[in-house]
Amino acid sequence: MSTGFSVEPIPRETVGARVQKLFRTTAFKLSIAYLAIFALCAFLALGYVAWNARAVLDDQIVSTIDAEINGLSEQYNAGGLRRLITVVERRSREPGASLYLVTTASGEHVVGNVGYVPAAVLASPGQSETRYGRSDSDTEPHRAIVRVFTLPGGFRLLVGRDTEERDRLRAVIGRAFGTSLAAVVLLGVIGGWLAASRVLRRVDAMTQTTRAIMAGDLDGRLYVAGNGDELDRLAASLNLMLERIGELMRGMREVSDNIAHDLKTPLTRLRNRADEALRKAASHEELRAALEAVIEESDGLIRVFNALLMIARLEAGNAREILAPVDLGAAVTEVGELYEALAEDQGLVLDVRAGDGLIIAGNRELIGQALANLIDNALKYGAEGAEARVTVEAERVGETIRLAVSDHGPGIPEAERGRVLGRFVRLEDARSRPGFGLGLSLVNAVVRLHRGMLRLSDNRPGLRVELAFPVHVQAEAGDGAAEPIPASAGSALEGSISRRP
């Protein structure tokens, strides 16, 4: 089918273009964003661990220094400076010993295992972290936490501990952090690439399908993987939309074809009557009769076009904003009273059974017009049955309100029940009777506007037409405002009708 415009084919992409498209996908950008957040969290966590580990080691070093100072203080109090020097000399030779240094006031080395320390450190009593040398010729950098005391006579005492273990732990944590960060970045990029590639393949498939649909293939549908993800939900929704569009397009084609075929006869008849009046009418009365026949035929055509416009408007949902609480039982009673006299004239009994409190959210005029069409069809074809009775019932069944019109006429074959709901569709047995085949189509449009369900069934003999509408919930609570009908009402109504015995 031609749509009036052309769709250019998708050009073949280069590798660079596909990579750029991949990087521009939302899935890849989200993966990179999550990667950055995770990397930041990992950095903060490892940094916190490293900071706490250093604080613990520093506390241990300080505690060791305090213990050494307490022991040296006891020795100094017991034997003075000489004994202190002797103890420091002995401890300096022990393996894994702490750092010790005793100097004169001028900074000359007296005893200890520290060869070099900055003069500013010795000149400032208290605790500090500094570099030092293990001998006078040691050029390799070392660091330690030290505490300096001033002794009588200007002597200086330095006690400390090397921070090599702490620095080694920090280096290990740093390497672990770098390796972990590199692994996280690599895995994140690979994961983002895989996720984006998967999404991009699905999107490209959707793009190709939509282009085919735009080119005129209205039977094309988007692929649904069946895993229930957001792309599946989007594809399912778009497929439902395409189904609806396809139905509307088929309806438009059917309407065009039906108008061309079914309206050709009355238009031809209208033209022939006018032509015959011009050629053969010999008196004013004959011209008047011809004009009246033309007007009557024109009124019939106007009614047909009005019905078509009404059906199109209802199927588009443009009348949904005028829905309000409607007492379906009262509407059924009123329409039944209008058709009682016509039923009697045709020798039929019109049996109307309507309960109370059957409130739906709807349009009273449209509901009445749909019911009038059903009763008119039942009276038109029900007179042929063995039992001259047409029954109209309205009752509540669970959360739905059901309206049924039954006759005992010839009925509709099961294979034709879906087709007769279309516009201008008339069965062979009905072509000899007046009408254009729009009655059931209009009823179906009214039911769909009200989110209801329509079902044709066998009345054994005859036809039974059932309409089911959702109950207007707020009406039971005393609220007169119209409440929108939920979209899920259709499936509930279908289940309610299918349980009909």
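Student: Which helix holds Trp-193?

Tutor: Happy to start there, keeping in mind that this is a predicted model. Trp-193 sits in the helix that spans residues 164–214. That helix is α4.

Student: Is Trp-193 buried, partly exposed or exposed?

Tutor: Buried means under 20% relative accessible area and exposed means over 50%. Trp-193 has 44% relative accessibility, so the residue counts as partly exposed.
Together with Leu-186, Ile-190 and Leu-194, Trp-193 forms a nonpolar patch on the surface. The accessible area of these four residues together is about 410 Å².

Student: Let's turn to Glu-68: is this residue buried or exposed?

Tutor: Glu-68 belongs to helix α2, residues 26–93. Beyond its neighbours within four places in sequence, Glu-68 is in contact with Arg-91, Ser-98, Tyr-100 and Val-159. Because its relative accessibility is 18%, Glu-68 counts as buried.

Student: Which element gives the largest share of the largest nonpolar core?

Tutor: Good one! The largest nonpolar core has 41 residues, and Leu-328, Leu-371, Ile-375, Val-392, Leu-403, Leu-456 and Leu-467 touch the most other members. Several elements supply at least two residues each, among them α8 (328–345), α9 (364–382) and β10 (400–406). The largest share, nine residues, comes from α9.

Student: How many residues are in the second, separate core?

Tutor: Its members include Leu-84, Val-88, Tyr-100 and Val-111. Tyr-100 is also one of the contacts of Glu-68. The size of this second core is 14 residues.

Note on methods:
Residues are numbered from 1 along each chain as its sequence is written. This is a predicted model: local features need pLDDT of at least 70, side-chain atom pairs count only at pLDDT 80 or more; totals for chains, interfaces and linings use all residues. Side-chain values use heavy atoms; hydrogens and water are left out. Patches are made of residues with over 30% relative accessible area and no salt bridge: like charges are joined within 9 Å, nonpolar side chains (Val, Leu, Ile, Met, Phe, Trp, Tyr) within 5 Å. Accessible areas come from the Shrake-Rupley method with a 1.4 Å probe; for residues, only the protein chains shown count as cover. A salt bridge is a side-chain nitrogen of Lys or Arg within 4 Å of a carboxyl oxygen of Asp or Glu. Helices (H or I, at least four residues) and strands (E, at least two) are DSSP runs, numbered from the N terminus. Buried means under 20% relative accessible area, exposed over 50%, partly exposed in between (1.4 Å probe, protein chains only). Contact means heavy atoms within 4.5 Å. A nonpolar core is a set of buried Ala, Val, Leu, Ile, Met, Phe, Trp, Tyr and Cys residues joined through side-chain atoms within 4.5 Å.
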